[in-house]
Amino acid sequence: MIDNPHGGIRESWSEEHLVQAIVLLEDAYSFRSIEHKLSPPYILRLYRLYWSKRFQRLLTFIVSCQLLLIFIQYPSSLSRTSDLRQDRTRLTLPCGIQLFTEFVCLIIFYIDAIMRTYLIGLKNARKKPWIIANFLITTISMVDLVFSCIFGCQGKTINIRFLLRPFYMAVISQEMKKIFNSLRKSFLQILSVTILLGIHVYFFSVIGMILFPPARKDSPSERPNEGTKYFPDFPDALLNLVVLLTTANNPDITLPAYSKNRLYIIYFAVFLTIGLYCLMTLFTVIKMNTFKEFFTTSMQNSLFRRRLAVRACFDILLERQVIPSSSLTTTDDTTTSLLTQRITRTTAPMLVLTRVINGSDLPEPLKTELVDTLKRYAGENNEVGWDMFATAMLSLDADVQKSSVVHHEYSGIWALVQLIGASKYLTWFGNAIGLINFIILVVEGALRYHPKFFTIDIFLSNILFSFSIYYFLESSLKLWSLRPKVFFKYVFNTFDAVLAVSLFVLHVVHLSIYGILSITTSEVVRDAAGTASSIWAITRIINLFVIFRTIRSMPHFTNYGIIMGTISDGMRNLKAFIGILICLFYSYAVLGMWLFNGVIKPPTPSDIINATCGSYQQSQYWANNFDDFFSTVVVLYDVMLVNNWGVFLTALREFSTRWSQLYLVSWWFMSNVYILALVLGFIVELFSLNVARFEESGFTQGQDGVAKTYFVKTLFHLFKRSLKEPSDDEINGALMKYKQLYDNGHE
C-alpha cells in the first residue's frame with residue numbers, strides 16, 4: 001500500500017495484479033505471446049510453472065529419452081560393429097520396457113498439449129497449428145503404439161511413430177519453430193531456382209546421350225565407352241550428372257571420352273562451370289536471402305510480441321485499488337465501495353516496479369540493470385511514466401558485452417604476486433611455452449622410428465615433464481590470484497587447469513611405474529597392436545591439446561577477435577539449425593530402415609572376387625548399411641559429405657531397384673544443398689555483424705588488451721538491426737484486441 005498525498009488516498013496493488021505484471025514481463029523477455037489467461041491466480045501459478053526452466057528442462061529430457069530410445073529398439077544399434085561379415089550380436093531391452101517407456105513419454109506429451117490449451121484457452125488454441133499438430137501426432141503415435149503391443153516389437157517393423165518423433169524436438173524450441181515456418185514459407189520461392197537447376201541437368205543429360213551413344217557390342221572399339229558406362233539411358237545419364245555436379249565422380253566420368261578425344265572435355269567443363277559455379281552459387285545466395293526475408297519477418301513478430309507484453313505489463317500496474325486516507329478506520333458501505341474504485345493513473349510507483357522486477361525469473365544482472373535504470377528515471381518523486389518504462393525495457397534487447405570480472409585484491413608482497421598471476425603477459429609466456437611444447441611433440445613423432453629413438457626420447461621426455469610442471473604451477477598461480485569464482489568463469493582457464501593436472505599426474509604415474517619418463521619396450525609392444533593404450537601414448541595424445549593454448553592470444557588481435565567472436569557466437573546460436581538437421585537425419589534414417597533394412601546381403605566369395613574396381617563390394621563398405629538406426633545415420637552422413645557418394649547410389653540400385661536412388665538424391669538435396677547452405681549463410685551474417693561492431697567501436701581494446709566483443713545471445717540479436725520498431729497505434733490496437741485477456745476466466 002502506498003500513500004498518495006496529492007489525492008489524499010492510499011493505493012494498493014493486489015497480489016494478483018503484481019503476478020500478472022510479472023508474467024507479462026517474463027513473456028516480454030522470452031518473446032512469448034500474451035494470448036493466454038491472466039486470471040484466476042492459480043492459472044498464473046500454473047503458467048509460470050509450465051514455462052519455468054526446471055519444467056522445460058524436464059520436457060527436454062523426456063523428448064531426448066524418446067529420441068534416443070530408437071537405438072535400443074528393434075533393430076537395436078547396440079552391437080560392436082555393423083559390418084555384415086562379422087557377428088553382430090545386438091543388446092536390447094525387453095519389449096515390455098520399451099513400450100512402457102514410450103507410453104509414458106506419449107502421456108507426458110498429451111499432458112503438455114492439454115496444459116498449453118488450458119493456459120491459452122480453447123478459442124486461442126484452435127488458431128495454433130503447432131498445438132493442433134501436437135494432439136494429432138500424439139494420437140497417431142499412441143494408436144501405432146497399441147498395434148506394436150498387439151504384434152510385438154519384432155513383429156511390427158513399420159512404426160509410424162518413429163518417423164514422427166522429431167516433431168517433439170521442434171515443438172519445444174521456439175527458434176526451431178521459427179526456422180521451420182520460414183523454410184516452409186520460402187520453399188515456393190526457392191522452387192523456381194530448383195527448377196532452373198533441374199532444367200540445366202536435364203538439358204546436358206540429353207546432350208550427353210547424343211554425344212556419347214552406347215557402343216555396339218559387335219564393334220566396341222568404334223566409339224568411346226562413355227555412353228555405355230555413364231549415358232546408357234536417360235535415368236543413368238541424369239543421375240551421373242547430378243553426382244558430377246558435386247564433383248564426387250570427377251574425373252572418372254570424363255576420362256573415357258577425354259582419352260578418345262580431348263575436345264570432349266569442353267562438354268563437362270561447360271556443365272560444371274554453369275551448374276556448379278554459377279547456378280549452385282546463385283541457388284545458395286537466393287535461398288539465403290529468401291530465407292532471411294521470411295525469418296526477419298518472424299523476428300519482427302517476436303519484437304512486436306515483446307513490445308506488446310511490455311506495454312501490457314505497464315498497463316496492469318496502473319490498475320489498483322484506492323481508499324481515502326481518512327476512511328482507513330471505518331467499515332461502512334462507502335468505504336467498501338471505495339476499495340474497488342479505480343481511477344486514472346499515468347505513472348507507476350518505483351516500489352511496485354521493483355517488486356515486479358525482483359519477483360520475475362529474469363537473470364539477476366538484467367534485474368539489477370533494470371532497477372538501476374528505472375531509479376535514475378524516477379527521480380525524487382519515485383514515479384515512472386510509460387516513456388521511461390519503455391526506454392528502460394530496451395535493456396531486454398541489448399547485447400551482453402564480454403567484460404572482465406573484478407577479482408579479489410591482495411596487499412603487500414602478495415599484491416605483486418597477484419599482479420603477475422593475473423597479467424596477460426603470463427598468459428602470453430605460457431602460450432609460447434605451449435607452442436614450443438607442440439614443436440617438440442612433432443619432432444618426437446617424426447623420430448618415432450629412428451634407430452636411436454629411445455636415447456633421444458629420454459631427453460625429450462624430461463623437457464615435456466618440465467613443461468607439465470610449469471603448466472601446473474601456472475594454473476595454481478592463476479587460481480590463487482583470481483580466486484576460484486573468477487578463475488573457473490573462463491573456459492580456457494578450466495581447460496588449462498584440467499590439462500595441467502592430467503599431464504602432471506600421467507607423468508608421475510609413468511615415472512612411478514616404470515622408473516623413467518621415456519617410452520619403454522613393453523609400451524612399444526602394446527602400442528604395436530594399434531590400440532595406443534600405453535601411458536606414454538595417452539600422455540602424448542593429451543599433450544597435443546596444448547596447441548589450443550595459443551587460441552587464447554587471438555582475441556588480443558583485432559582480426560582474430562572478429563574470427564573468434566564469430567566462432568563463439570556461431571556455436572551458441574547454431575543450436576536451432578543443428579536441431580533442424582538432426583530432425584532431418586532422424587526422419588530419413590527411419591525411412592531408410594523401412595525401405596532398405598536387410599536389402600544389402602552379406603558378401604559371398606564370388607562377390608568379392610568379381611567386384612568392379614571402386615564399387616561398394618571392392619571398397620568393402622559392408623559396415624555401411626541400413627540394418628539399424630546407427631549405421632543408417634552413418635550412411636546418410638557419408639552421403640551428405642558427397643565424397644564418393646556415387647558408390648552408395650550404384651550399390652543401392654544393385655541391391656534394390658533404380659527408384660531407390662531417389663532416396664539418397666533427395667537426402668543430398670535437402671541436407672547438403674538446402675539446410676547446410678543456410679548454416680553457411682548464417683555464419684556469414686554473424687561475421688558481418690562482428691565486423692560492423694568492431695567498426696562502430698573503432699577497433700578499440702579493453703584495459704586487458706583484449707578486443708571488445710559482444711555475445712549474440714539469440715537469433716533475434718543477429719537480425720535486430722534490420723527490424724523496425726512497432727508504432728504506438730499498432731500496440732494499442734493489439735491491446736484493444738486482446739482486452740479480454742485481462743478478464744478471461746470464463747474460457
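Reader: So, how many cavities of 30 Å³ or more does the structure hold?
Author: Six. Keep in mind that this is a predicted model, where local features need pLDDT of at least 70, side-chain atom pairs count only at pLDDT 80 or more, and totals for chains, interfaces and linings use all residues. Residues are numbered from 1 along each chain as its sequence is written, and side-chain values use heavy atoms, with hydrogens and water left out.

Reader: What counts as a cavity there?
Author: On a 1 Å grid over the protein atoms alone, it's a set of points where a 1.4 Å probe fits but cannot get out, and lining residues have an atom within 4 Å of a point. Points are joined across faces, edges and corners, and the volume is the space filled by probe spheres set on them.

Reader: OK, how much space lies in the largest cavity?
Author: About 80 Å³.

Reader: And which residues line the largest cavity?
Author: The lining is Gln 73, Tyr 74, Gln 98, Leu 99, Ser 148, Cys 153, Lys 156, Asn 159, Arg 161 and Phe 162. Helix 4 (95-120) and helix 7 (160-164) are the elements giving two or more residues to that lining. Helices here are DSSP runs (H or I, at least four residues), numbered from the N terminus.

Reader: What's the split by class for that lining?
Author: Four nonpolar, four polar and two charged. Nonpolar covers Ala, Val, Leu, Ile, Met, Phe, Trp, Tyr, Cys and Pro; charged is Asp, Glu, Lys and Arg; the others, Gly among them, go down as polar.

Reader: What volume does the second largest cavity have?
Author: About 60 Å³. Its lining has eight nonpolar residues, one polar and no charged. Helix 28 (residues 645-655) supplies the largest share, three residues. Among the lining residues are Ile 600, Tyr 616, Asn 624 and Phe 648.

Reader: Switching to packing. At what angle do helix 1 and helix 13 pack?
Author: About 165°, with the axes of helix 1 (residues 15-29) and helix 13 (residues 265-317) 8 Å apart. That makes the two roughly antiparallel, a label for angles over 145 degrees. The axes are lines fitted to C-alpha atoms over the stretch in contact, and angles run from 0 to 180 degrees between N-to-C directions.

Reader: Which residues of helix 1 and helix 13 make the contact?
Author: Helix 1 brings residues including His 17, Leu 18, Ala 21 and Leu 25, and helix 13 brings others, including Arg 306, Val 310, Cys 313 and Leu 317. Contact means heavy atoms within 4.5 Å. By class, this one has 12 nonpolar, two polar and two charged residues.

Reader: How about helix 19 and helix 20, at what angle do they cross?
Author: Roughly 160°, and the axes of helix 19 (residues 424-446) and helix 20 (residues 453-487) come within 10 Å. They are therefore roughly antiparallel to each other. Their contact divides into 14 nonpolar, five polar and four charged residues.

Reader: And helix 18 against helix 20, how far apart are the axes?
Author: The axes are 8 Å apart, with helix 18 (residues 413-421) and helix 20 packing at about 115°. Trp 414, Val 417, Gln 418, Ile 420 and Gly 421 of helix 18 make the contact with Leu 477, Lys 478, Trp 480 and Ser 481 of helix 20. That gives five nonpolar, three polar and one charged.

Reader: Now the backbone. Is the peptide bond from Ser 39 to Pro 40 cis or trans?
Author: Cis, with omega near -5°. Pro 40 sits in the loop between helix 1 and helix 2 (41-50). A cis peptide bond also joins Tyr 74 and Pro 75, with omega about -5°. Pro 75 is in the loop between helix 3 (53-68) and helix 4.

Reader: Is the phi of Phe 31 positive or negative?
Author: Positive, about 60°, although Phe 31 is not a glycine. Phe 31 lies in the loop between helix 1 and helix 2. Most residues other than glycine have a negative phi, and most peptide bonds are trans.

Terms used
On a 1 Å grid over the protein atoms alone, a cavity is a set of points where a 1.4 Å probe fits but cannot get out, and a pocket is an open set with protein on both sides within 12 Å along at least five of seven lines; lining residues have an atom within 4 Å of a point. Angles under 35 degrees count as roughly parallel, over 145 as roughly antiparallel, 65 to 115 as roughly perpendicular and the rest as oblique.
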